[in-house]
Amino acid sequence: MNSDGYILKVENLKKYFPIKMGIIRRTVGNVYAVDDISFSIKKGETLGLVGESGCGKSTTARVILRLLDATAGKVFFDNDDVLKTEKRRLRELRRDMQIVFQDPYASLNPRMTVGMIVEEPLIIHKIGNSASRKSRVKDLLKIVGLNPEHTNRYPHEFSGGQRQRIGVARALALNPRFIVCDEPISALDVSIQAQILNLLDDLQCEFNLTYLFIAHDLSVVRHISDKVAVMYLGKIVEIADSKDIYESPFHPYTVALLSSVPIPDPDKERKRRHIILEGDVPSPINPPSGCHFHPRCPRAIDICSKEEPTLEGYRGDSSHQFACWNPYS
């Protein structure tokens with residue numbers, strides 16, 4: 001781990017998908033999925049990455065784990081630049097970096113039993129013998145709240161919440177230190193979501209895990225995240241401690257997202273002003289000039305369409321940064 005306590009550092013990360021047309025497949029443009037973002041996560045911390053669908057959250061996760069190649073930038077895990085690490089070293093790093101996917105129905109092989117699914121990482125990394133691996137699988141199932149005797153069952157025999165627990169068990173198999181949770185509860189019933197969030201919280205405390213928790217709903221990450229980064233059209237527009245984001249948001253997009261989160265108190269809910277964003281999210285193929293959010297922003301001024309704001313700390317406080325020419329105060 002770095003001397004400053006950060007387990008992950010992302011610097012100026014970019015991921016552009018080329019658009020090719022014609023017989024010779026000539027590149028005619030790019031999809032600016034992730035466009036120059038930076039953030040860091042300390043050991044044992046949870047960073048919530050929040051934004052609308054299509055803003056680049058999942059692409060960011062996949063580039064960090066090098067499931068996708070980056071266009072530019074650096075990703076440091078401890079002291080290793082993941083994007084430049086040779087394959088042998090990358091294989092070792094992947095024991096420490098795992099992912100829980102969004103869809104528990106699609107991320108589990110229907111032709112493999114639960115035991116085979118959870119054991120697979122151990123086989124790939126040549127850990128233990130057959131007997132020790134099977135014992136480890138049963139322990140993992142018990143840790144995530146499943147019956148350890150159900151190793152011979154197939155994914156279709158489990159509910160959605162149970163399947164996601166299987167995905168969590170698979171991610172834990174190699175004793176990782178860092179786990180990307182890519183919208184792990186968005187495909188689940190509301191009644192099950194809290195159970196999975198509580199499970200992830202308990203596992204973090206028990207195994208000292210570090211999370212990058214991706215969601216499109218600010219209310220989901222409120223209780224699990226230490227820090228929150230708000231993403232819009234490939235860029236981070238605000239990043240701060242969880243408490244500061246919810247109590248004192250500055251960026252108009254963050255304020256709009258928070259205004260859509262229901263409040264359980266009916267009196268407060270009636271008095272609250274809801275901000276309805278006009279128009280649709282612009283295309284990442286041709287993002288707006290200046291601030292990407294300005295066509296939908298209720299506080300846009302002339303400079304917003306001409307110059308792109310940079311992430312800056314509020315009154316010099318680097319712990320709460322936002323990119324806006326006319327923020328709320």
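How much space lies in the second largest pocket? About 410 Å³ of space lies there. The model is predicted, so local features need pLDDT of at least 70 and side-chain atom pairs count only at pLDDT 80 or more, while totals for chains, interfaces and linings use all residues. Residues are numbered from 1 along each chain as its sequence is written, and side-chain values use heavy atoms, with hydrogens and water left out.

**Pockets**

- A pocket here is an open set of points on a 1 Å grid over the protein atoms alone, where a 1.4 Å probe fits, with protein on both sides within 12 Å along at least five of seven lines; lining residues have an atom within 4 Å of a point.
- Grid points are joined across faces, edges and corners, and a volume is the space filled by probe spheres set on the points.
- The largest pocket holds about 510 Å³ of space.
- Its lining has 21 residues, and Ser219, Val220, Arg222, His223 and Val261 are the closest to the centre.
- Two or more lining residues come from each of helix 6 (190–207), helix 7 (218–221) and helix 9 (252–259); helix 6 gives the largest share, six residues.
- Helices (H or I, at least four residues) and strands (E, at least two) are DSSP runs, numbered from the N terminus.
- The lining of the largest pocket divides into twelve nonpolar, five polar and four charged residues.
- In these classes Ala, Val, Leu, Ile, Met, Phe, Trp, Tyr, Cys and Pro are nonpolar, Asp, Glu, Lys and Arg are charged, and the others, Gly among them, are polar.
- In the second largest pocket, 15 residues form the lining, with Arg94, Gln98, Pro121, Ile124 and His125 nearest the centre.
- Strand 6 (97–100), helix 3 (114–124) and helix 5 (160–172) each give two or more residues to that lining.
- Nine nonpolar, two polar and four charged residues line the second largest pocket.

**Nonpolar cores**

- A nonpolar core is a set of buried Ala, Val, Leu, Ile, Met, Phe, Trp, Tyr and Cys residues joined through side-chain atoms within 4.5 Å.
- Buried means under 20% relative accessible area, exposed over 50%, and partly exposed in between (1.4 Å probe, protein chains only).
- The largest core has 58 residues, and Phe213 and Leu218 have the most contacts inside it.
- Leaving aside residues up to four places away in sequence, Phe213 touches residues including Leu47, Leu49, Cys181, Leu197, Leu200, Val221 and Ile224; contact means heavy atoms within 4.5 Å.
- A second, separate core has 31 residues, among them Ile7, Val34, Ile37 and Leu90.

**Salt bridges**

- A salt bridge is a side-chain nitrogen of Lys or Arg within 4 Å of a carboxyl oxygen of Asp or Glu, and the count by this rule is eleven.
- Lys235 and Asp35 form one of them (3.6 Å, N to O).
- Lys235 belongs to strand 10 (residues 235–241) and Asp35 to strand 2 (residues 26–42), so this pair ties together parts 200 residues apart in sequence.
- Lys235 is buried at 13% relative accessibility, and Asp35 is buried at 12%.
- Another salt bridge joins the side chains of Lys57 and Glu183 (3.8 Å, N to O).
- Lys57 lies in helix 1 (residues 57–64) and Glu183 in the loop between strand 7 (178–182) and helix 6, 126 residues apart.
- Both Lys57 and Glu183 are buried.
- Asp78 and Arg177 also meet in a salt bridge (2.6 Å, N to O).
- Asp78 is buried, with a relative accessible area of 11%, whereas Arg177 is partly exposed, with 27%.
- Salt bridges with shared partners join Asp35, Lys235 and Glu308 into one network.
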